[in-house]
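Please have the structure open while I talk.

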Amino acid sequence: MEYFIQQLVNGITLGSIYGLIAIGYTMVYGIIGMINFAHGDIFMIGAFVALISFIIFGLTGVALPIILLLVLLIAMLFTACYGWTVEKLAYKPLRGSFRLAPLISALGMSIVLQNYVQVAQGARVKPMQPLISGGLEFFKNSEFIVTVSYLQIFIVILTIILMGIFTYLITKTDLGRAQRACEQDRTMTALLGINVDRTISITFIIGSSLASVAGMMFVLYYGVIDFYIGFLAGIKAFTAAVLGGIGSLPGAMLGGLLIGLIETFWAGYVSLEYKDVAAFSVLIVVLIFFPTGFLGKPDIEKV
Amino acid sequence: MEKKDIIQSFKDSLFTGLIALALFGPIVGLRTASKGEGLFITPQWGIVFLLVGLCVLGRFLINLNSARKTEITFFSNFTSKFSAITEDKAKHFAITAILFAVVFPFLPFTDRYFMDVAIMILTYIMLGWGLNIVVGLAGLLDLGYVAFYAVGAYSYALIATTFGWSFWICLPLAGVFAGFFGILLGFPVLRLRGDYLAIVTLGFGEIIRIILINWYEVTNGPDGITGIPRPSFFGLPFKRSPDEGETSFHLFFNLEYSTMHRIIFLYYLILVLALITNYFTLKIRKLPVGRAWEALREDEIACKSLGVNPTNTKLTAFAIGAMFGGFAGSFFATRQAFISPESFTFIESAIIVAIVVLGGMGSQTGVVLASIFLIGITEMFRDLEQYRMIAFGGAMVLIMVFKPKGILANRKPTILMHGDKK
């Protein structure tokens, strides 16, 4: 039982990270109907920017909460630039091209970003000293002590705060209304005087900043990153987006949590070696049996 | 050009520089490196300023040059003309290329290194042609093609090392196994839409690789399989001193022993295998199933209403493509005599997809040119391995932006209705 609770806590933490990445996939899919294959690598770049800023601020000796806040903002800013540029260079010229063209372009972009970071930062793994240590212990009298680290609490709370801001942004502001309008009908939205290109750019910026936050959490949680982390994390987050129903924002968060839980429980109870197979199998099963996911709208093909 | 325009483009370039600074500043400028315990930062501002300067200059020149549009049209006209010529002269081109390929091993400048590169290029040509059936003809983007390559290689290796059967029995078996895997995967997933299918095939490719790494009892895990038997020349092995009761190749033909014999044989083997793939593709395009593939690629709903079963039709394309991947895989296994999961990563799939896409989906000649270009360039810049992958991905993006149908676009249907002829 204690073991179960421990896995549950770990799963929710991991799920928060996947959920934040999944939002980027689902938003872009909702608005321009393409799978942004390079999004996983944007997440990786976010993790690198966060790592670099942690090292720089680590030398200054500023208090920990201020460091966290600064790193968060810096990672969001710089990673958003990457998201924006990728969209401008690789996706925007392809609107209206045949369906697989943006996907192939995204694949190329993903290869570029991965190898670019490999060249610039080196291929070796980057370890980081843990910044936030300690935690709360439960069930001290039983055999298995459940530990909820402060880091896990930080990750989950930060995710909840960001989700709150994000939901407000989408449901209550003009920007969110413009985005939802673009999702429904781009031509009509443009006719009504909304700058569609700008809205799409902002979508990429928001998606990338959320991914960079996930990247920062990844650095803190695992303490080790390399240029290849974006590939697996990206696929898993995409699975999460599909599981929750692609195009649906609460769905992405729900899907992220589910994938995190499935992965942790699979690793804890079935087999550690095959934990990535679990995520891929879930993806295949979901796509076959619930192609619209849990909260997605059915996709009607028009002739 | 007016003064206002110049100021405008100058401002624009400065903005580009600002963005470039934000992009390259942290990632390129602050290189992290481990030194003893923990990480330290080595600044590299020189490179950053160089990159930013290049971006600003490039942007400014593009802005100034209002003739940019005409240049792009010139480029695309040029490639269209080029593809028109190659199409008209396709027969001559093909015959010349095949003749060259046949005499290549005996040319005076051909040495061991050239032969190895040629064998590698031909392997990729064969893989490209195999994938072209799936991507080019049927329009299904398969990002996990390397899985079938791996299945072919491992089935060949396992059968050959366990039962000791000859290459000529194992090769078809490996192809059949790979085709079977194609059906196994394809059956549930082929009803998915294009981009979902791409991701699922990618997932399948990774699953196969993870299984190969972890299923230690059968695949020997990350250590791979060693001692895979080399192919023999119809029963005559390529050995300096054959075992008792055996005649080796050089003794039978009264030649002096040379390791080149085996290389040349391998070269012709892959050449024949590749040409069979090509011949098969060209023929099947004219059969009902091949026409159904092309029709499905163009319009799935119209096909459905005309009574074509999309799932079954796609399944045949998938299985046949997988089978050729399996053949190429067993060739790879016998050539290397050693295979490990490391040879079957996602990047291999991406390279094969890039070959098909850059060549122009559906164009057989395009695959040949793209393979020679990509693999040849790779070999020339072997020391710049990492930069080469950046160029590789960049080329994929650029081709999609400027010429989404590939250098040699050949999406012309094999048959046209009357009156559609231009």
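Among the elements of chain A in this predicted model, the lowest mean pLDDT, 76, belongs to strand E2 of chain A, residues 135–138, while helix H8 of chain A, residues 196–222, has the highest, at 90. For chain A as a whole the mean pLDDT is 84, with 98% of its residues at 70 or more.

Chain A contains eleven helices and four strands. Its radius of gyration is 19 Å, close to the 19 Å that the globule rule gives for 303 residues, so chain A is as compact as a globular protein of that length. The C-alpha trace of chain A spans about 65 × 45 × 40 Å along its principal axes, and buried residues account for 51% of the 303 residues. If we take the contacts in chain A between residues at least 6 apart in sequence, 75% of them join residues at least 24 apart.

Turning to the interface, 44 residues of chain B are in contact with 53 residues of chain A. The elements of chain B that give two or more residues to this side include helix H1 (3–29), strand E1 (30–34) and helix H17 (385–402). By type, the residues on the side of chain B that touches chain A are 32 nonpolar, nine polar and three charged.

Finally, consider helix H14 of chain B, residues 310–336, whose 27 residues should span 39 Å at 1.5 Å a residue, which agrees with the 39 Å between its end C-alpha atoms. Of those 27 residues in H14(B), 22 are buried, and the helix is followed by Ala337(B), which has a positive phi, near 60°.

Methods:
Residues are numbered from 1 along each chain as its sequence is written. Chains are lettered from A and ligands numbered from 1 in the order in which they are written. This is a predicted model: local features need pLDDT of at least 70, side-chain atom pairs count only at pLDDT 80 or more; totals for chains, interfaces and linings use all residues. pLDDT is the predictor's confidence in each residue, from 0 to 100. Two residues are in contact if their C-beta atoms, placed from the backbone, lie within 7 Å. Ala, Val, Leu, Ile, Met, Phe, Trp, Tyr, Cys and Pro count as nonpolar, Asp, Glu, Lys and Arg as charged, and the others, Gly among them, as polar. The expected span of a helix is 1.5 Å times one less than its number of residues. A residue is buried if 20 or more other C-beta atoms lie within 10 Å of its own, exposed if 12 or fewer, and partly exposed in between; C-beta atoms are placed from the backbone. The radius of gyration is taken over C-alpha atoms; the globule rule is 2.2 Å times the number of residues to the power 0.38.
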